[in-house]
Each structure stands twice: as structure tokens, then as C-alpha cells.
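We will go stop by stop.

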Amino acid sequence: MKRGIAKIFCIIGISIFLHTVYSALQHRKYLRLTDQPFEGVPFDIVVECIISLFLFAWGIINSQFLIPIKASTHLAKKSFDSYDYRPNFTVFNHRGKYLNEILNK
């Protein structure tokens, strides 16, 4: 029951956000037609956007079962030597090659 209500809140939040975007575009178009400067979005559009954000966030949080992230389960399978092994960061083109030439002269 709670998941169904949460999904409905997600849909309502998305539709209110789409209406907010449409309202902002219409406001911008109105300002262009009346040759008024754009000084920002009206307060009611901002409030509508914030309300849609909260509705959508509440719906997302309550629509699924969130599993806590436990690093110990992933780290227990690795050995200590594999923590520092990063082959993508291995660089062979460094100043050690030139230092070796200078020291061997």
C-alpha cells in the first residue's frame, strides 16, 4: 500500500515539475513579446518547483527498499595487497628514467 502511494507521489512530483518548466517557458515568452527585461522567474513558479522536488524525493525514498551499504562485506573478500594495487595509475614515462641516466654517467 505504501509503495503504491509513493509511486503516485513520484508521478505527481514529475508532472508538477513539468508544469513548472512549461510555466517558466511561457513566462519567458511573455516577457519577450512585451519587450520586458528578464529579471528572474516569478515566486509562484519557484515555490511550485520546490514542492515538486519534495513530492518526488518523498516518493523515491518510500517507493523502494533501501539497503544499507556495508563495506565490510566487500572488503572481507579482498586481501591486504589488493587494496593498493591500481594498474590504471601505473606510469612508466616519468623522471626516474632520466635520473638513472644521470646517475650512471
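Which residue with a positive phi follows α1? Select D35: D35 comes after α1, and its phi is positive, near 55°. Most residues other than glycine have a negative phi.

Before moving on, a word on the model. The model is predicted: local features need pLDDT of at least 70, side-chain atom pairs count only at pLDDT 80 or more, and totals for chains, interfaces and linings use all residues. Residues are numbered from 1 along each chain as its sequence is written, and side-chain values use heavy atoms, with hydrogens and water left out.

**Stop 1: the loop.** Stay on D35. D35 sits in the loop between α1 (2–33) and α2 (43–63). Helices are DSSP runs of H or I, at least four residues, and strands are runs of E, at least two, numbered from the N terminus. Is D35 buried or exposed? D35 counts as exposed because its relative accessibility is 70%. The cut-offs: buried is under 20% relative accessible area, exposed is over 50%, and partly exposed is in between (1.4 Å probe, protein chains only).

**Stop 2: the whole chain.** Zoom out. The protein has four helices and zero strands. Along the sequence, the pattern reads α-α-α-α. Of the 105 residues, 11% count as buried.

**Stop 3: α1 end to end.** Select residues 2–33, which form α1. How many Å should the 32 residues of α1 span? At 1.5 Å a residue, they should span 46 Å, and the end C-alpha atoms are 46 Å apart, so the two agree. The expected span is 1.5 Å times one less than the number of residues.

Stop 4: Select A6, C10, G13, T20, S23 and L31. These residues of α1 are buried. What do the buried residues of α1 pack against? They pack against α2. Contact here means heavy atoms within 4.5 Å.

**Stop 5: the nonpolar patch.** Now select I14, F17, L18, V21, L25, F56 and I60. They make a nonpolar surface patch of about 600 Å². Patch residues have over 30% relative accessible area and no salt bridge; nonpolar side chains are joined within 5 Å, like charges within 9 Å. The largest share, five residues, comes from α1. Click V21, in helix α1. V21 is partly exposed because its relative accessible area is 37%.

**Stop 6: a record to compare.** Residues 5–25 are 100% helix and 0% strand, with end C-alpha atoms 30 Å apart.

Terms used
Areas by Shrake-Rupley, 256 points an atom, 1.4 Å probe, with all protein chains shown as cover. Salt bridge = Lys/Arg side-chain N within 4 Å of Asp/Glu carboxyl O.
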